[in-house]
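Please look at the sequence and the model below before reading on. The text then goes through some parts of the structure one at a time.

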Amino acid sequence: MKFQFTRITVLCMICTLMSCDVMKRVKKDEHLLMNNTVLVDDKKNNTETVTDLIYQKPNGTLLGIPLRLHIYNLARPNIDSILNARYRNPDDPNTGAKNLLSIKQYEAWIRSKKNFNSWLKKTGEAPAIYSEERAEKTTNALKKYYFSKGWFNVQTSFETEKDSNQRARVTFKVDRGDPYILDSIEAFVKTPIMDSLYRSSLEKGALIKKGQQYDEANFAAERDRLTERLRNSGFYHFGQDYITFDLDTLGTNKKINTELYIADRAIRTEDSITRIPFKIYKIKDVNIFPDFKNENRDSTITDSVQFKDYNLYSFDKLKYRPKAITDAVFIHKGDVFKDIDRTRTYRYLSELQAFRYPRIEYIENENDTTLTANVYLVPRKKFELTSSFEISQSNIQTVGFAFSTGLVIRNIFRGAETLEISALGAIGSSRDASDTKDQFFDINELGGNLRLKIPRFFLPFNTERIIPKYMSPSTRITLNATSQRNIGLDKQAFTGTVNYNWYPSTKVTNNLDLFNVQFVKNLNTANYFGVYQNSFDRLNQIAQNIGYTTDDLSIPNEADMFISDVVNGNTSLTSTDDDFITVNNIKQRKDRLTEDNLIFSSSFNYVKNRRENLFDNDFSILRLRLELAGNLLSNLSNVFNLSRNDDGRFEMFGVPFSQYVKTEVDYVKHWDLGRKNELAIRSYFGIAIPYGNSNSIPFAESFFAGGPNDIRAWTAYNLGPGSSLSTNEFNEANLKITLSAEQRFNLLGRFNGAVFVDAGNIWNVFDNVEDERATFSGLSSLKDIAVGSGFGIRYDFSFFVLRGDIGFKTYDPSRELGNRWFKDYNFSNAVYNIGVNYPF
């Protein structure tokens with residue numbers, strides 16, 4: 001009944017909008033613009049570049065319906081007079097609402113009606129009334145654009161078709177003619193030293209070349225290139241305005257003879273301009289003021305240090321080791337002036353997070369061609385308190401509250417290092433808390449974290465030649481400890497990392513974990529079947545089916561005893577029985593998830609992000625990761641001939657250490673299709689192979705499938721492995737493949753829509769899992785790739801996006817072959833995801 005009512009409501013809303021007259025706000029002498037057509041050399045052109053040149057566009061549509069125009073038409077244009085006549089009419093002051101509400105409430109009620117009317121106007125879209133003036137502007141814009149691309153004889157015009165229903169359609173015509181081609185290119189550089197530099201190196205990388213079609217953008221790019229190179233070659237006073245191009249097209253048969261001019265330096269006085277050759281400037285001195293503040297502007301320097309070729313001046317006692325500051329400055333005494341040195345210095349100083357508002361000032365020395373560079377730094381507070389509060393919910397707890405507090409200490413060792421000390425406390429209520437007489441908040445977690453950031457590589461040798469300081473090398477050392485109670489098996493975790501980070505270019509990030517040590521100790525392994533109820537229910541059912549018991553197995557004693565009896569052949573089950581295989585799989589999974597973990601690994605991460613800025617919707621991102629774990633401990637165990645446990649594995653501190661190799665490849669590509677339309681794809685491959693001291697991958701390092709950022713037609717941990725119809729609460733494996741494609745488009749204002757297709761799965765490979773349905777056995781296993789499809793709605797808050805996606809199981813590998821396509825493709829079996837920001 002509820003579904004029927006919703007369907008009727010939606011149908012009524014659609015019928016109401018369809019019945020609205022789109023011409024409602026169009027005056028008698030106006031025409032509603034229906035569409036624009038651009039014909040370039042008699043061929044239709046609807047590229048984004050061309051359509052963006054059109055000054056007036058028709059109203060947007062959704063599935064062919066001008067939804068926003070209909071919403072706009074619902075608003076009343078004279079809302080103030082209507083409200084005054086209806087609710088503030090002195091001839092009829094006794095309306096029903098006025099008798100029921102106070103004056104203040106009554107006025108607020110009237111304002112709400114006005115605000116709703118304003119919301120309709122803001123959310124909607126005013127009718128696009130055809131304007132001949134704007135059409136003329138469009139023809140001029142088209143002509144200017146094609147002229148800038150080398151069609152100097154381009155002709156543009158427009159035709160408007162108006163019908164009796166007050167609708168208009170515009171056709172813009174562009175006749176480009178023949179393009180002009182660059183022929184001879186000759187440079188005239190007035191300053192001799194600059195001319196020599198141009199001939200020796202700058203001329204070779206020119207962006208304008210003989211045989212190219214003329215393109216204004218190439219000339220602008222060449223001007224930028226030359227300006228950048230010259231300002232990085234010591235020419236302090238040089239600027240873009242000194243570069244001009246002279247183009248000759250007279251009698252050249254559509255060829256262009258180009259002359260490049262670089263003028264001498266202009267010195268302007270009150271009544272004249274003097275031209276002199278440019279000179280190369282060098283850096284005479286570099287002065288650094290590490291505690292510069294406005295209140296210190298007129299104060300006296302009390303502490304000064306000369307370190308290498310730098311002068312450090314402090315108004316108070318110098319609180320930094322000189323090398324910590326000078327390492328962040330790329331301007332060197334005796335070097336020629338380079339604009340890029342100033343840019344790199346700004347970036348490095350910002351990354352230190354020790355100073356606010358860094359400022360670099362060059363002062364020209366009148367006696368010679370030298371510059372004095374003054375670097376002014378405003379230090380941040382040495383101590384800073386931080387705090388955060390979170391409310392969470394998961395499949396384990398109904399509600400949870402977490403609070404963290406921390407202390408940030410800057411320049412702790414006088415080398416611009418930053419130390420962060422934080423503590424975490426959390427409480428929560430499990431789903432079983434209401435079924436017992438225990439306290440409501442039966443989950444707790446305590447933790448502490450130390451994080452030290454060093455703005456350089458913390459190594460016993462110099463890496464400057466391999467990784468120069470303009471790559472912003474840094475070191476992070478972290479120590480973390482947490483203790484959880486009544487969360488799954490309860491656990492204590494200790495982690496420590498030594499991490500190096502650097503940026504070879506603006507688009508590439510390299511990250512190296514030299515050491516990453518994780519120790520996880522499970523405190524309550526006896527509660528395994530209390531957490532993994534589905535496994536216990538299956539185990540209990542098998543025990544009753546074979547007559548092992550008539551009652552439910554007790555946890556953990558009888559459950560563990562039944563597993564032992566089955567595996568050791570003490571029941572009626574044999575190794576070929578399906579139930580025997582199921583019990584054995586339950587045992588393998590239990591052993592792996594209850595064992596303590598010691599992981600000693602090293603990893604390297606490479607990220608290449610081609611995105612220029614937040615508004616760039618045409619880019620790609622490549623992420624590569626390689627991790628090696630356990631090799632050092634394995635070599636030490638062999639060298640010292642350590643003993644092995646009953647499973648043949650070496651132990652450290654009483655725990656078998658993990659040994660594996662893990663690699664991940666993640667590629668994301670976005671295409672900007674224009675008009676707030678975007679296509680995004682993602683491909684992911686990950687594999688973790690155990691060897692040596694391990695025959696399986698730790699749970700924390702394995703892969704899972706499903707969830708709001710993965711295969712959205714399945715909930716997290718609910719897909720796979722392979723074609724197995726697993727009832728485990730957390731399905732994971734050591735091989736994963738994912739492919740996703742998503743079309744994103746604007747719906748209404750800040751509301752955006754998307755349609756998507758996700759494909760992928762997880763499998764076990766090269767480990768101790770024996771279930772054929774869950775293992776990857778070659779290309780034939782690709783038939784078990786799951787496919788989900790669906791749609792979503794997103795609301796853009798500018799600083800983040802709230803996302804809701806509905807995923808439908810399109811191809812379900814857990815079903816039998818031939819019965820996998822579109823079997824649960826309906827809303828009742830759909831998965832509803834809520835997420836923040838885009839999935840990829």
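**A walk through the model**

Ser 314 has a relative accessible area of 2% and is therefore buried. Buried means under 20% relative accessible area, exposed means over 50%, and partly exposed is in between, with a 1.4 Å probe and protein chains only. This is a predicted model, in which local features need pLDDT of at least 70 and side-chain atom pairs count only at pLDDT 80 or more, while totals for chains, interfaces and linings use all residues. Residues are numbered from 1 along each chain as its sequence is written, and side-chain values use heavy atoms, with hydrogens and water left out.

Where is Ser 314 placed? Ser 314 belongs to strand S12, residues 310-314. Helices (H or I, at least four residues) and strands (E, at least two) are DSSP runs, numbered from the N terminus. The side chains of Ser 314 and Asp 291 make a polar contact of 3.0 Å. A polar contact is a pair of N or O atoms within 3.5 Å; within protein, one must be able to donate a hydrogen and the other to accept it, and residues adjacent in sequence count only if both atoms are side-chain atoms. A polar atom of the Ser 314 side chain also lies 2.4 Å from the backbone oxygen of Asp 316. Not counting residues up to four places away in sequence, Ser 314 touches Asp 291, Ile 301, Thr 302 and Asp 303, where contact means heavy atoms within 4.5 Å.

Thr 370 lies in strand S14 (residues 370-379). At 14% relative accessibility, Thr 370 counts as buried. The side chain of Thr 370 has a polar contact of 2.7 Å with the side chain of Asn 365 and one of 2.4 Å with the side chain of Asp 368. With neighbours within four places in sequence left aside, the residues in contact with Thr 370 include Tyr 281, Lys 282 and Ile 363.

Ala 481 is in strand S19 (residues 474-485). Its relative accessibility is 27%, so Ala 481 counts as partly exposed. Leaving aside neighbours within four places in sequence, Ala 481 is in contact with Leu 446, Gly 447, Gly 448, Ala 493 and Phe 494.

Next comes a helix. Which residues of helix H14 (residues 557-567) are buried? They are Ala 559, Phe 562, Ile 563, Asp 565 and Val 566. Seen down the axis of H14, these buried residues fall within an arc of 165°, so they line one face of the helix. The arc is that of the directions from the helix axis to the C-beta atoms. Helix H12 (528-531), helix H13 (533-545) and helix H15 (578-594) are among the elements that cover the buried residues of H14. Just after H14, Gly 569 takes a positive phi of about 80°.

Charged pairs are the next topic. How many salt bridges does a search of the whole structure find? The search finds 41 salt bridges. A salt bridge is a side-chain nitrogen of Lys or Arg within 4 Å of a carboxyl oxygen of Asp or Glu.

One of them joins Asp 215 and Lys 149, with the closest N and O atoms 3.1 Å apart. Asp 215 lies in the loop between helix H8 (192-202) and helix H9 (216-231), and Lys 149 in the loop between helix H7 (132-148) and strand S3 (155-162), so the pair ties together parts that are 66 residues apart in sequence. Asp 215 counts as buried at 17% relative accessibility, whereas Lys 149 is partly exposed at 22%.

Another salt bridge links Glu 742 and Arg 794, whose closest N and O atoms are 3.1 Å apart. Glu 742 lies in strand S28 and Arg 794 in strand S30 (residues 786-796), so this pair ties together parts that are 52 residues apart in sequence. Glu 742 is buried at 0% relative accessibility, and Arg 794 is buried at 1%. Both belong to a network of salt bridges that links Arg 712, Glu 742, Arg 744, Asp 758, Arg 794, Arg 803 and Asp 805.
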